[in-house]
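Try each task before you read its solution.

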Amino acid sequence: LQPEDSDESSAESDSETEVEQVSGYHKLLATLKTSPESESEEEEDESESEEAEESEAEMDSEGLQGAGEAEGGEEDENDVPEEEEATDTAEQMLSQEQADGTDTSCDPRHGVIEEFTDVKHESEFSLETNFMEEESGDCNADSRDSNPFKQHMDKELEEKEIEKMSTLPKTSSQSQWPRLGQVIFSSTLEKQKPLKADKEVDVKQLHLHKPLESTWPKVNKQFLSAVDKPTDSSFTPLQRELFCIMNSYRDLFYPERNALRNGEEIRHAYCLHALNHVLKANAQVLSNNAKRRDRKPGTDTDDYRDQGLTRPKVLIIVPFRECALRIVHIFISLLEVNDKKKIDVSNKKRFKGEFGSDPEEKPPNLKRPEDYEAVFAGNIDDHFRIGVAILQKSMRLYAPFYSSDIIIASPLGIRTVIGAEGEKKRDFDFLSSIEILIIDQADIYLMQNWEHVLHLMKHINLLPLDSHGVDFSRVRMLNLNNWSKYYRQTLLFSALQDPQINSVFNKHCFNYTGQVAIRNVPLTGSISHVVVQLPHVFRRLEADSVTSMIDARFQFFIDKVLPEYRDAIMSHTLIYVPSYFDYVRLRNYFKKEDLNFTHICEYTKKAAVCRARRFFLKGEKQFLLFTERFHFYKRYTIKGIRNLIFYELPTYSHFYSEICNMLKATDSGVDATWTCTVLYSKYDAQKLAAVVGIDRTAQMLQSKKNVHLFVTGEN
């Protein structure tokens, strides 16, 4: 639902050249890498050890810094369309970087150069014209009945089964696994074998393709050292259970990914699965190439149906270039048997330059929470895509999409290729035969633009509009029947459970083998991490449906909550608003009512942010409207808060304790007057449980009364 000016930009096939458009979010992201002078100013502003007088003096200087600009310096001073705001911020970012001396000559996100694809290695990486090297593939292993890849791709569904999956509801069962916890299995088709957690895994029993059997234990060794008593020599307990599900080719939703604790563990596990799938698929094609070459005239060619309508098999969606860099590095490590047998990687230097980052760009003294540092590490550009082709002992980066095995992209990067209906230059045929879709860090896309994810899901596994030179005698019947979506495995990883993410998993995943979702409930919520003594009042509002909740929340706020805070004695009130559209609505209402307020959102210029923080700290403005996405991208400590209003529960539960703990940033001796009010409804059950815990949530949803909680700081 969030805007991107790139929604309106035209795009063309990745196999052709394309000038990338500048995203509105780059202004926001680019400010994370500002000049040393401005960063040191932020660092001073963020230091919580300074005295209150110093803080005020600092805010004074910041206010003077922005005083030279017109009050209209905030882009949202007037009610302009959000798309226009995004365009403006993109242009501002580009001009700012040029002013700072940033070299943009070889950065694709600035649209300065044309998109690069490697065409010269086309024949070398062609599946149609190459044959299996005897030592590079385990062709016999691919023919074993127990091979999960063969079992999944070779199963021939019947029309009645397809009809059943399209019309009947899924049946579900649950199981308790040692590491994953509560695991929910769901499927439409009957006779699904129950899946049990393996206590110990022998790599040789996983039917991994060479050379993965030998390289995986070495590559994964870094995570095994952190395990107290590893039960096997190749997987951590979490990886073992996740890979058990992945290797069964069921869909998977894991909502407990944490950038600090298990993010890289999970990334390594799904990279192993994706690479194993590609190597097996390509080995099958190369082996059949040799059989076709040696076959006698008149032999039935239906035995060699081993491909999709287009070559790309795996699509990996990640939020930032740094994520793509790490994935490619894992692929390379998994393909290199030893130091003597290095694989040939085309365009590696260019890739490192465009996807890597300069350590000197980020000041070392900038203080941010650990989870923030983990999420925003490295190159945080969010507009990219790259094709990867793998053939035996070689890897080709920047392969044209129709010559790629794996595509790694951000939601925005893939969205600008897919384009919109009515655009002349758009392409989504390369998504027609995707067999594994991996969406990692799905929660971050809620902070970017969730519409891009939905747009992708609507265009994946459709029949292509062009043949793209495919040999139809080699195409699997499942692809010709337009049944690809029933064979596609979707792996969805997120840091939280959210209705929008759940909806994608429930409504856009049709895997005939079924779905597996991890559904653990939080016993204690993030409210236990609040360290200030603060009364929390949870005020319940009623609505007939989810769609009517937006209006009901607004009406409840202006009728019941806001009147209690209009008195001047209730100054220093911060209103935390997760949705940008709710923020705009509240901002317009506050202007109409001529309330004494200021506001900060993700599009607010830095000078205007400093000015708003200064006004709020000194009490010159009674209210501060504050958006969740601004907090997500900046994590500033807002000083001077005495009263908190959560217009809606935060998307990230730990933001609740972070915002509450900002009250300790200003020690003014008025602790007893601090207040915190939270608006919630029965439709906020998941978010509420993450904040107050499952037991309290059950009580609060059963009762229609307001709930008062008092946190002592010792919980």
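pLDDT is the predictor's confidence in each residue, from 0 to 100. You'll need that here, since this is a predicted model.

**Exercise 1.** Work out which stretches have a pLDDT under 50.

*Solution.* Next, go to residues 1-113, where pLDDT stays under 50. The model still gives that stretch 235 contacts beyond four places in sequence. Then check residues 137-144, also below 50, with 17 contacts beyond near neighbours in sequence. Finally, a word of caution: where pLDDT is low, the predicted coordinates should not be read in detail.

**Exercise 2.** Find the strands that pair with S8, and say in which sense each one runs.

*Solution.* Locate S8 at residues 406-409. Strand S4 (residues 314-317) pairs with S8 in the parallel sense, over four bridges; here Leu315 has Ile407 as its bridge partner.

Now for the faces. In a regular strand the side chains alternate between the two faces of the sheet. In S8, one side carries Ile406 and Ile408, the other Ile407 and Ala409. All of these are buried, so both faces are covered.

**Exercise 3.** Is Arg613 buried or exposed, and what does its side chain meet?

*Solution.* First place Arg613: it sits in helix H23, residues 606-617. Its relative accessible area is 4%, and the cut-off is under 20%, so Arg613 counts as buried. Then look at the side chain: one of its polar atoms lies 3.1 Å from the backbone oxygen of Thr637.

Note on methods:
Residues numbered from 1 in each chain as written. Predicted model: local features only at pLDDT ≥ 70, side-chain atom pairs only at ≥ 80, totals over all residues. Heavy atoms only, no water. Contact = heavy atoms within 4.5 Å. Helix = DSSP H or I, 4+ residues; strand = E, 2+ residues; numbered from the N terminus. Buried < 20%, exposed > 50% of the residue type's maximum accessible area, 1.4 Å probe, protein only. Polar contact = N/O pair within 3.5 Å; in protein donor to acceptor, adjacent residues only side chain to side chain. Pairing = 2+ DSSP bridges.
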